[in-house]
Amino acid sequence: MSDTTTPTLPAELIPHDGRFGCGPSKVRDSQITNVSKGNPGIMGTSHRQPAVKNVVGSIREGLSELFQLPEDYEIILSLGGATAFWDAATFGLIEKKSGHLSFGEFSSKFASAAKKAPWLEEPTVVSSEPGDAPAPQPMEGCDLIGWAHNETSTGAMVPVTRPDTDALIAIDATSGAGGLPVDMSQVDAYYFSPQKCFASDGGLWFAAMSPAAIERIGKIAASDRFIPAFLNLQTAVDNSRKNQTYNTPAVSTLLLMDDQVRWMNNNGGLAGMVDRTTESSSILYGWADNHEVASCYVTDPAKRSLVVGTIDFADSIDAAKIASALRANGIVDVEPYRKLGRNQLRIGMFPAIDSADVRTLTQAIDFIVNSGYANS
């Protein structure tokens, strides 16, 4: 029999910070301070003047340091998030035909955008069921091959490694960049939005681009292909080199991003961030692997994400009730990806999230399960 009274968690089972969302994600207090007090006079000023351009320059330099960019790689940015980048890539990065690994909601979207572009050939798509992921591989006739470093909807991750191919490698790193290991020499366009590991707001995209990617962008831009101004990657390259964006950005997002990148570099760089996400994910998956009614949705341990954890529950437990009870106690955004439709929780473990809070979260879930409130 289910207890209909929402359980009140003891104080020791309340995480220091109850934000575990997979984007937008937890924002650290110093980032808010950086927006409100750390940069007086910047909000409400021109993004083409030194005050804001210096912030953009700081972000670009900080990301270059964080990712240890190879020589001649560049950080490019523009507006619209990763969704806009997919469309921009169909206009300005794919020459004739692309190949894609598809293993969830977000990894499938770039393939879908390429398929709908009438100026491109039908893309090659290698798929796996959600919860699994295919291996990177060459794809005949493709001049660009893309996949997601981390599938945000399922918590499956795929390594960034260059297959035996001359194609450009484009990696959607929206939920992985800054929290998963990466060797940038293995990729030509490593692009992401800032509302996940970088604990910022959405509306922008950033990309670490190789000389080959920038050369491809220039070649297509010089052709007779129509490219909308907002989606013109050559325009993004030209403006990024001036530490600005073609259209007006949200300056508060840039300030949040700048503070987070500084924090990352001051706390061990990418290796330090991966240490944090590895500790958090080890806590979560170790707990689930040894649980009577919980289990890891991604069954292959090598494919389990370090930054997004999806935990299934037995039919005897209603995961939605667990999420509801947690929310009533100030622990928020652990609901599963809506389109996946599983009896599960999805837990963000981005670098800003303390591993101790992940451990406390697992204890809070146990308390709710043991109370009988979540019984189906």
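Predicted model: local features only at pLDDT ≥ 70, side-chain atom pairs only at ≥ 80, totals over all residues.
Helices, taken as H or I runs of at least four residues, and strands, taken as E runs of at least two, are DSSP runs numbered from the N terminus. In those terms, Asn247 has its place in the loop between helix H6 (233–240) and helix H7 (251–266).

- Three strands, in the order E10-E11-E12, make up an open sheet in which the pairing is antiparallel; its edge strands, each pairing on one side only, are strand E10 (294–296) and strand E12 (344–348).
- On average, and with direction ignored, neighbouring strands of this sheet are turned by 30° against each other.
- Three bridges join E10 to strand E11 (residues 308–313) in the antiparallel sense, and Ser295 has Asp312 in E11 as its bridge partner.
- Helix H8 (residues 269–289) lies across E10, E11 and E12 and runs at about 15° to E11, whereas helix H9 (residues 319–328) lies across E11 and E12 and runs at about 45° to E12.

**Positions listed as binding sites**

- Under "binding site", an unreviewed UniProt entry lists Ala82, Thr83, Phe106, Thr152, Asp172, Gln195, Asn247 and Thr248. These positions do not all gather at one spot, because they span 167 residues in sequence and the farthest two C-alpha atoms are 28.0 Å apart.
- From this set, Ala82, Thr83, Phe106, Thr152, Asp172 and Gln195 belong to the lining of the largest pocket.
- Asn247, with a relative accessibility of 27%, counts as partly exposed, and, when residues up to four places away in sequence are not counted, Asn247 touches His47, Leu79 and Phe230.
- Thr248 also lies in the loop between H6 and H7 and is exposed, with a relative accessible area of 58%; not counting residues up to four places away in sequence, Thr248 touches His47 and Leu79.
- The unreviewed UniProt entry also lists Arg48 under "binding site", and the place of Arg48 is in the loop between helix H1 (29–38) and helix H2 (50–66).
- Arg48 counts as partly exposed at 35% relative accessibility; with its neighbours within four places in sequence left aside, Arg48 is in contact with Lys53, Asn239, Gln244, Thr245 and Tyr246.

**Salt bridges**

- Side chains of opposite charge can pair when their charged atoms come close, and the structure holds 17 salt bridges.
- One of these salt bridges is formed by the side chains of Arg241 and Glu74, at 2.7 Å from N to O. The pair links distant parts of the chain, 167 residues apart, with Arg241 in the loop between H6 and H7 and Glu74 in strand E1 (residues 74–79).
- Within this pair, Arg241 counts as partly exposed at 44% relative accessibility, while Glu74, at 17%, falls under the 20% limit and therefore counts as buried.
- Asp188 forms a salt bridge with Arg162, and their closest N and O atoms are 2.8 Å apart. Distant parts of the chain are linked by this pair as well, since Asp188 is in the loop between strand E7 (168–172) and strand E8 (189–192), and Arg162 is in the loop between strand E6 (156–157) and E7, 26 residues apart.
- Asp188 is buried, with a relative accessible area of 5%, whereas Arg162, at 27% relative accessibility, counts as partly exposed.
- Asp312, the bridge partner of Ser295, also meets Arg342 through their side chains in a salt bridge of 2.7 Å, N to O. Because Asp312 lies in strand E11 and Arg342 in the loop between H9 and E12, this pair ties together parts that are 30 residues apart in sequence.
- Asp312 counts as buried at 10% relative accessibility, and Arg342 is partly exposed, with a relative accessible area of 36%.
- Glu95, Asp143, Arg216 and Lys219 are linked with one another in a network of salt bridges.

Key
Residues numbered from 1 in each chain as written. Heavy atoms only, no water. Pairing = 2+ DSSP bridges. Axes fitted to C-alpha atoms, helices over the stretch in contact; angles between N-to-C directions. Contact = heavy atoms within 4.5 Å. UniProt positions renumbered as here; feature names shortened; annotations may be inferred. 1 Å grid on protein atoms, 1.4 Å probe; cavity = no way out; pocket = protein on both sides within 12 Å on 5 of 7 lines; lining within 4 Å. Buried < 20%, exposed > 50% of the residue type's maximum accessible area, 1.4 Å probe, protein only. Salt bridge = Lys/Arg side-chain N within 4 Å of Asp/Glu carboxyl O.
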